[in-house]
Amino acid sequence: MPSSRSSYSNDASPRQARLLPVSSGGELPAGHASASGAGNITLYSTPFSVNMSTYSTPSPVPSQIATAAPPPLNRNVQAQQNSTVTAGEVSPRSGVNAPGQAPRRKFIDEGKLRKVSGRLFSESAPRRSTRLSGDATLPVSSSVLPVGGNGSGNSSAKLPGGLSSTKMNASSSLRLGTVCKGHSSTIESSFEDGKKYEALEDSGPEDTAVNSSRRAGQVIMDDEPRIRNRSSGLIGRGSRVAEGSLELLGLLRVLGEAFRHCCMHRCKEALQVFCKLPHHQYATGWVLCQVGKTYFEMVDYCEAERAFSWARRVSPYYLEGMDIYSTVLYHMKEEMKLSYLAQELNAIDRLSPQAWCALGNCYSLQKDHETALKTFQRAIQLDSHFTYAHTLCGHEYVAMEEFENGITCYRSALRIDPRHYNAWYGLGMIYLRQEKYDFAEHHFRTAFLINPRSSVLMCYLGMALHALKRNEEALEMLDQAILADAKNPLPIYQKANVLLSNERYNEALEELELLKEVAPRESSVYSLIGKIYKRLNMPERAMYHFGLALDLKPSTADVAIIKSAIEKLHVPDDIEDHL
């Protein structure tokens with residue numbers, strides 16, 4: 001600033017300026033200025049005019065320059081000066097203690113920005129100022145510029161007005177605190193951050209890599225407990241999932257095995273597998289309905305009814321299998337329960353084929369076969385692939401002796417499900433009544449191959465073989481039927497018939513005596529005993545058993561057969577065969 005210096009030399013000499021008064025507190029009044037030379041600061045208080053430049057200072061005396069010591073090194077201040085001072089020119093921003101100057105405030109703002117950026121992006125590791133605070137701390141005296149009086153050193157040089165450099169340093173520190181009141185900690189941390197930042201800039205790539213690896217190691221060590229806890233939680237969760245998966249797979253394996261036995265009509269094995277289920281899984285609608293179907297296949301209608309009623313209590317809106325339940329009630333002749341079931345199913349879902357099948361069984365039990373046929377046809381309209389509805393239609397046609405329509409319905413059922421053995425059984429019954437024994441034997445055997453554990457199918461196959469005069473095969477099949485279900489009276493009765501045709505009367509009577517204990521109110525049993533006594537020429541005992549048969553109120557066809565036998569009681573058997 002040559003122009004400022006020249007103007008000042010015209011107004012006052014350096015000796016006069018040195019003797020100007022300075023305030024005791026070390027602060028300059030308003031309108032006074034300060035300037036710095038090459039690193040030293042000389043304070044003046046001059047009564048300059050208003051039009052004079054605020055930053056005008058006198059040039060130093062040669063004697064002062066010769067005795068002046070070089071200023072102490074300060075990296076931060078030197079960097080600040082290098083950015084503002086050019087060759088041969090002193091910037092007005094070089095004054096440190098001047099009021100309202102920007103360098104310190106700008107440096108503080110940079111420190112704030114560094115602190116904010118560190119807070120935003122380095123939360124996982126400790127703050128840089130905290131980590132590096134113990135390495136090297138900048139002293140308070142180095143945070144301000146050293147003040148020299150009259151170009152002398154910092155030891156005991158006096159400033160004009162009797163103030164020492166030590167007092168001036170304190171005054172400068174006080175002034176700096178006054179300018180940045182409330183931000184002293186920010187200034188210290190910003191100085192520390194600036195110093196460490198410069199140290200990192202001066203360090204080489206190897207030091208930077210070492211520091212980075214140390215920080216990464218520290219982050220890993222800090223995160224190690226959290227990673228360990230997370231891994232242990234994942235392991236525990238994985239073990240629980242594995243245990244649940246194994247339990248679910250075990251449950252599905254049991255259910256699949258039981259269902260496979262049901263599809264293969266292995267009723268006893270299916271029941272044993274179902275019993276392996278826990279109670280809360282056994283007492284479900286699907287399982288109980290499968291158990292009821294299994295008992296139905298075993299012709300154990302009481303147990304089947306108990307299982308289906310339990311399923312109704314557990315799952316009242318589950319309709320699968322309710323058609324079989326209605327057939328069970330039909331065979332048990334439970335007219336009231338069947339009517340109530342049909343009403344409930346229609347109230348739940350009027351468009352379900354199970355509801356209409358239950359209603360049709362109710363009408364069939366009341367001998368209203370035409371209405372029953374209409375309800376079964378309605379079930380077919382709702383679901384044309386409902387196999388059991390086609391089979392029930394065939395049964396109703398057979399009851400009305402419309403065999404051709406019955407054959408059509410059974411064949412429709414077999415087109416849907418070729419393994420539906422009930423349809424094969426229905427066709428065999430039609431051909432047996434039409435005395436087409438070869439066809440009957442074929443259909444009964446096909447049904448027997450599908451369900452080889454059914455005593456009913458074994459019995460009717462034996463009846464077809466007996467009609468074909470294959471009595472030995474018929475006896476073998478009937479014996480298998482008795483072993484399959486000892487409670488079924490039909491195979492015992494048919495075996496007695498085969499023994500009677502083979503003239504093995506005593507064996508036939510033994511079988512019928514056993515049958516009387518199983519079915520004591522069956523009129524056909526007493527009628528057959530009367531025929532055997534007639535063949536043995538014992539008309540009195542024969543008449544006695546014929547009378548018992550009539551007392552049990554048999555069907556109309558059976559009544560006609562019994563009365564005809566009574567009329568021919570005294571007719572020889574040879575003549576009776578030709579009549």
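This report describes the helices, cores and selected loop residues of a predicted model.

## Overall make-up

The chain has 579 residues, and buried residues make up 40% of them. Its secondary structure consists of 29 helices and four strands.

Among contacts in the chain with a separation of 6 or more, 53% are between residues 24 or more positions apart.

## Nonpolar cores

The largest nonpolar core holds 56 residues. Phe 444, Leu 512 and Ile 532 are the residues with the most contacts inside this core. Apart from it lies another core, of 50 residues, which includes Leu 255, Phe 308, Leu 329 and Phe 376.

## Helices α10 and α12

Helix α10 covers residues 267-274 and helix α12 covers residues 285-297. Their axes come within 9 Å and cross at roughly 155 degrees. An angle over 145 degrees counts as roughly antiparallel, and α10 is therefore roughly antiparallel to α12. The crossing of α10 past α12 is left-handed.

On the α10 side, the contact is made by Cys 267, Ala 270, Leu 271 and Phe 274. On the α12 side, the residues are Trp 286, Val 287, Gln 290, Val 291, Thr 294, Tyr 295 and Glu 297. By class, the contact of α10 with α12 comprises eight nonpolar, two polar and one charged residues.

## Helices α19 and α20

Helix α19 runs over residues 403-416, and helix α20 over residues 421-433. The two axes come within 9 Å, with a crossing angle of roughly 155 degrees. This makes α19 roughly antiparallel to α20. α19 passes α20 in a left-handed crossing.

From α19, Phe 403, Gly 406, Ile 407, Tyr 410, Arg 411, Ala 413 and Leu 414 take part in the contact. They meet Ala 423, Trp 424, Gly 426, Leu 427, Ile 430, Tyr 431 and Arg 433 of α20. The residues of the contact of α19 with α20 are ten nonpolar, two polar and two charged.

## Helices α22 and α23

Helix α22 spans residues 455-467, and helix α23 spans residues 471-484. They pack at an angle of about 165 degrees, with their axes 8 Å apart. With that angle over the 145-degree limit, α22 and α23 are therefore roughly antiparallel to each other. The crossing of α22 past α23 is left-handed.

In α22, the residues that meet α23 are Ser 455, Met 458, Cys 459, Leu 461, Gly 462, Leu 465 and His 466. Their counterparts in α23 are Asn 471, Glu 473, Ala 474, Met 477, Leu 478, Gln 480, Ala 481 and Ala 484. The contact of α22 with α23 has nine nonpolar, five polar and one charged residues.

## Loop residues with positive phi

Most residues other than glycine have a negative phi. His 265 is not a glycine, yet it has a positive phi of about 60 degrees. His 265 is found in the loop between α9 (205-263) and α10. Its relative accessibility is 10%, and because buried means under 20%, His 265 counts as buried.

Lys 333 is not a glycine either, and it has a positive phi of about 60 degrees. Lys 333 sits in the loop between α14 (322-331) and α15 (335-348). With a relative accessible area of 63%, which is over the 50% limit, Lys 333 is exposed. The C-alpha atoms of Lys 333 and Leu 365 are separated by 7.1 Å, and the two residues are 32 residues apart along the chain.

## The loop between α28 and α29

Lys 568 lies in the loop between α28 (556-567) and α29 (573-578). Its relative accessibility is 25%, so Lys 568 counts as partly exposed. Lys 568 and Lys 534 are 34 residues apart along the chain, and their C-alpha atoms are separated by 9.7 Å.

Methods. Residues are numbered from 1 along each chain as its sequence is written. This is a predicted model: local features need pLDDT of at least 70, side-chain atom pairs count only at pLDDT 80 or more; totals for chains, interfaces and linings use all residues. Side-chain values use heavy atoms; hydrogens and water are left out. A nonpolar core is a set of buried Ala, Val, Leu, Ile, Met, Phe, Trp, Tyr and Cys residues joined through side-chain atoms within 4.5 Å. Buried means under 20% relative accessible area, exposed over 50%, partly exposed in between (1.4 Å probe, protein chains only). Axes are lines fitted to C-alpha atoms, for helices over the stretch in contact, and angles run from 0 to 180 degrees between N-to-C directions. Helices (H or I, at least four residues) and strands (E, at least two) are DSSP runs, numbered from the N terminus. Angles under 35 degrees count as roughly parallel, over 145 as roughly antiparallel, 65 to 115 as roughly perpendicular and the rest as oblique. A crossing is left-handed if the near helix is turned anticlockwise from the far one by less than a right angle, and right-handed if clockwise. Contact means heavy atoms within 4.5 Å. Ala, Val, Leu, Ile, Met, Phe, Trp, Tyr, Cys and Pro count as nonpolar, Asp, Glu, Lys and Arg as charged, and the others, Gly among them, as polar.
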